Amino acid sequence: MKLPDPSSLSRAAAAIAWNRRDFLRNAVGLGASGALLGFSPLRAAALPLKHKAVVVTFGGGARDEETFAPEGQENIPNLLRTLFPQSTLYTQVVNHGILGHYVATASLATGVYETFDNFAAVAPRDPTVFEYFRKDLHRPADDTWVVAPSNGFNRIGESDNRRYGEGMGAGVILPKNLLKAAMPTRGLGNYDHLLRDNYEDPFYTPALAGNEVELQQLDNILKLSVDDFTQHALTLSSPDELSVYIARQLMRRLAPSLLWITLHDIDIAHSGTYSLYVDGIRRSDRLCAEIWKTIQAEPEYAGRTTMFILPDFGRDSDMDAGGNGFQHHRTGDALSRTTWMMVLGPGVRPGVVIDRPVDSLDLVPTLGSLLRFSTPLAQGKPLTEVL
Ligand SMILES: [Zn+2]
């Protein structure tokens with residue numbers, strides 16, 4: 001994919017961001033510019049000790065038209081009404097990398113634009129945030145976890161950079177694999193809707209590799225019996241609900257200090273069915289609020305956890321002749337590269353909108369500054385407004 005000229009991309013992204021800010025002001029009743037622009041960096045020393053971070057990414061970007069634009073706001077009532085008033089919102093997060101979900105999410109996690117084949121189950125080349133976190137702070141293996149949607153993502157927890165050493169990454173749970181491992185012998189009805197995967201390419205069909213190792217994760221890590229897990233899973237309506245269920249179990253059992261959850265339901269947009277795409281956005285909106293609610297309810301997290309919510313990138317514009325609108329993210333146009341990020345937690349200024357362009361790669365150094373570990377090979381810069 002040809003990458004666009006950064007300056008033209010920045011101009012287009014700036015226009016998108018200004019529109020977004022106006023939408024937000026109208027939507028949440030923020031009138032005074034002071035509420036939007038007035039901030040100064042907080043001192044990190046004021047943050048409580050034992051700070052934790054939860055990162056929620058959407059694999060399957062969502063466009064303005066279906067989110068922050070006036071016609072989209074009905075799809076994100078929780079983000080807009082419940083979370084935004086508590087958040088600092090970056091309106092121009094620009095992804096200059098490859099617009100495929102696994103490679104883009106890996107790039108978010110390394111702070112470097114990774115260039116591997118999106119459809120290959122390979123480890124990131126550059127150290128992940130999980131390795132930086134564990135190595136620098138001498139954290140144990142169970143203090144950082146990834147909950148991710150599908151195969152390929154099983155390699156996201158640890159790079160193949162040997163300077164950071166084998167075994168220094170995050171534990172990775174793929175809930176669909178857990179369910180696949182648990183269900184074949186159970187005969188408890190139809191659960192295909194919970195195993196949906198690979199919306200991107202009908203010719204690429206990774207096998208869901210559920211096996212005994214996955215089942216041991218249920219028992220050993222989550223302290224969850226196969227029966228309890230399967231019975232609860234069958235009450236859920238989508239893979240993302242299953243992911244959030246697993247994430248909650250992790251938070252209760254292990255309370256990891258750095259937890260990364262990647263949602264994926266929105267990417268059903270590739271089917272071309274607009275209503276399913278919007279359903280995915282609405283579900284993601286609700287699940288983000290549920291995750292934040294869990295953070296507030298769990299003693300290990302309440303009052304000392306920063307949550308980051310961001311799509312990995314956008315989707316194609318209706319105006320780009322090279323694409324097919326919301327269905328895909330293939331053109332590399334400004335809309336497909338520009339997204340947003342919400343940050344909530346102690347010390348984060350509420351109801352603040354940051355319009356300056358930031359880069360998707362800024363996430364890793366920001367996490368490093370927040371939790372006090374170094375990220376030497378990551379590119380990007382710490383986002384000072386939330387530190
Ligand atoms: Zn996609």
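Contact, in this talk, means heavy atoms within 4.5 Å. Keep that in mind. The model you see is predicted.

Start with the whole chain. Take contacts between residues at least 6 apart in sequence: 76% of them join residues at least 24 apart. The protein chain has 12 helices and nine strands. It runs to 387 residues, and 59% of those count as buried. Its accessible surface comes to about 14900 Å². Carbon and sulfur atoms hold 52% of that surface.

Where does His329 lie? Look in the loop between strand 6, residues 305-311, and helix 11, residues 334-337. Is His329 buried or exposed? The cut-off for buried is under 20% relative accessible area. His329 has 3%, so His329 counts as buried.

Who are its partners? The side chain of His329 makes a polar contact with the side chain of His101, at 2.9 Å. Another polar contact runs from the His329 side chain to that of His270, at 3.0 Å. Leave out residues up to four places away in sequence, and His329 still touches several others, among them Leu99, Glu200, Asp267 and Phe313. Gly314, Arg315 and Asp316 are also touched by His329.

Next, charges. Side chains of opposite charge can pair when their charged atoms come close. How many salt bridges does the count come to? The count is 13.

Here is one. Arg248 and Glu290 meet through their side chains, 3.1 Å from N to O. Arg248 sits in helix 9, residues 239-253, and Glu290 in helix 10, residues 274-297, so this pair ties together parts 42 residues apart in sequence. Both ends are partly exposed: Arg248 has a relative accessible area of 21%, and Glu290 has 24%.

Another one: Glu298 with Arg252, where the closest N and O atoms are 3.1 Å apart. This pair links distant parts of the chain, 46 residues apart. Glu298 is in the loop between helix 10 and strand 6, and Arg252 is in helix 9. Glu298 counts as buried, at 15% relative accessibility. Arg252 counts as partly exposed, at 48%.

One more pair. Arg283 and Asp265 form a salt bridge, 2.9 Å from N to O. Arg283 is in helix 10, and Asp265 is in the loop between strand 5, residues 258-263, and helix 10. They are 18 residues apart. Arg283 and Asp265 are both buried.

Last stop: a network. Salt bridges that share partners join Arg63, Glu65, Glu66 and Asp318 into one. Find those four residues in the structure above.

Notes. Residues are numbered from 1 along each chain as its sequence is written. This is a predicted model: local features need pLDDT of at least 70, side-chain atom pairs count only at pLDDT 80 or more; totals for chains, interfaces and linings use all residues. Side-chain values use heavy atoms; hydrogens and water are left out. Helices (H or I, at least four residues) and strands (E, at least two) are DSSP runs, numbered from the N terminus. Buried means under 20% relative accessible area, exposed over 50%, partly exposed in between (1.4 Å probe, protein chains only). A polar contact is a pair of N or O atoms within 3.5 Å; within protein, one must be able to donate a hydrogen and the other to accept it, and residues adjacent in sequence count only if both atoms are side-chain atoms. Accessible areas come from the Shrake-Rupley method with a 1.4 Å probe; for residues, only the protein chains shown count as cover.
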